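User: Could you help me learn to read a model like this one? I would like to go feature by feature.

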Amino acid sequence: MTQNKQPVLRFAPSPTGYLHIGGARTALFNWLYARHTGGKFLLRIEDTDRERSTPEAVAAILEGMEWLGLNWDDQTVYQFARSGRHREIAEQLLAEGKAYRCYATPQELEEMRAEQRAEGKPLRYDGRWRDRNPSEAPSGAPFVIRLRAPQTGETIVHDRVQGDVRFANENLDDMVLLRSDGTPTYMLAVVVDDYDMDITHVIRGADHLNNAARQLQIIHALAWPIPVYAHVPLIHGPDGAKLSKRHGALAVDAYREMGYLPEAMRNYLLRLGWSHGDEEIISTEQAIAWFNLENIGRSPARFDFKKLDNLNAHYIRNTDDRVLAREVAALLGRMQPPRHLDDRARSRLLAAMPGLKERAKTLVELADAADFLYTDGPRALDVQAAKVLSPQGREILARLAPSLEAGDWTSSAIEQRVRQFAEESGLKLGQVAQPIRAAVTGKTTSPPVFDMLAVLGQQESSNRIRAYTQ
RNA sequence: GCGCCCUUCGUCUAUCGGUUAGGACUCAAGAUUUUCAAUCUUGCAAGAGGGGUUCGACUCCCCUAGGGCGCGCCA
């Protein structure tokens, strides 16, 4: 194999569902490796299953990739469009005697497997048509083309993550290459496409490790170059079992709706199965510089929202206020029912952002915490705020109001007046600040209250406070 | 059933034969504080079990157990 060829990577999802978290990580690893090496990252949609592939799923995958910032090179390849080429290779193998026609019907094969199961034997095609003379076939009967796979020796997958994985050829049966309707199977299509696309590295889920051996058999029959394999362990749910929807096996766009930032997702997914010493916070630029196959772990990882939250909070704090304000507004607009912010709400959101972004783990939390900025008028109080606005609390507000309103309406000037009031009244600052916060935000927690008063303006603030001076 | 893979704190992981087994998340306590966060400090917490190899094993080998993946004319 040529050593100085630029690496060519690919992500090859099948559009039978959304882009889930495992697929997203696979895509990320391929993308990082390509960007790290200066190679190419291609996208191939494996839509050979006409029954289950949908345009919606294709759209969801493309959107998910774009949201995650995983840009791919060249044109997207649609596998189904290449079925003629796949058939050509199957015919070639047939002509070379490396494949053969099998006339066994699906029912017949089902019976065969049922029997094998009953006898406790391994489930595999028994090669019943492997050495039969084609003339024995019922004329005009449908057939599939199967690979005439080696029956002795072993097939070794030299995997950069898993090491050398050996499969005895006797355990690998003659796989179907071309279905009776003339369409290619996944095994054939993958091999042919990877070859035609000049794929040098195949990074994919470990659920494909067994497939690698079978694909290698096809590659050997064709005498094509072998790509570098790296089978990445799967992601499990918190209980160690299969990732379920409530565990995080969601479409990537669900993460967007939950308020996660793409850079946080990238960082989290990267650390799930890959490491660089003790590094935890890894920017995408740094990830590209550091990413390699050697440091991919061999054991499956569990998905943990707590850690994702922590990372997300970090990235939110480090994101520009304008970007955040825009994202929050967009998020609100996508909610059911949609909530549209007017210009005043947007400018308040932006102005309050420094305080808001310190306190949110997700954009949804942020949007929620900021809801007192979206509309004017007195606030409805939550349970805690109602307690703070007891008769005593309201009495304090009533006494404070006149002096509060007289003077500059900047955060520091307001704070100065409130501190002075507290001192003169023999109150602790918190005893005054909490009622203000409750009246102005309807809650007992918020960004620094004087900042929020400044954001809302004197008139709106007074209006809200005076609503609770009785 | 057959094949393959995996196994360090609750979770993500570091360690590439010699360490008081490190970091991060979570949790707890403290500092700070107008609330809540953030931040800082401290603490709890790990090599599945059993055999080898070796002067010495978390690290190498074998077995067992547990978990995962695959075994389609799905991908």
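Analyst: Happy to! Helices (H or I, at least four residues) and strands (E, at least two) are DSSP runs, numbered from the N terminus. A residue is near a molecule or strand if its C-beta atom, placed from the backbone, lies within 6 Å of it. Here α17 gives the largest share of the surface near RNA strand B, five residues. This is a predicted model: local features need pLDDT of at least 70, side-chain atom pairs count only at pLDDT 80 or more, and totals for chains, interfaces and linings use all residues. Residues are numbered from 1 along each chain as its sequence is written, while chains are lettered from A and ligands numbered from 1 in the order in which they are written.

User: What is the average pLDDT of chain A?

Analyst: pLDDT is the predictor's confidence in each residue, from 0 to 100. Chain A averages 93, and 97% of the residues score at least 70. The model has ipTM 0.95 and pTM 0.94.

User: How many residues surround RNA strand B, and which are the closest?

Analyst: There are 64, with Ser 14, Glu 46, Tyr 186, Ser 299 and Pro 448 the closest.

User: How far apart in space are Met 258 and Leu 269?

Analyst: They are 16 Å apart, C-alpha to C-alpha, and 11 residues apart in sequence.
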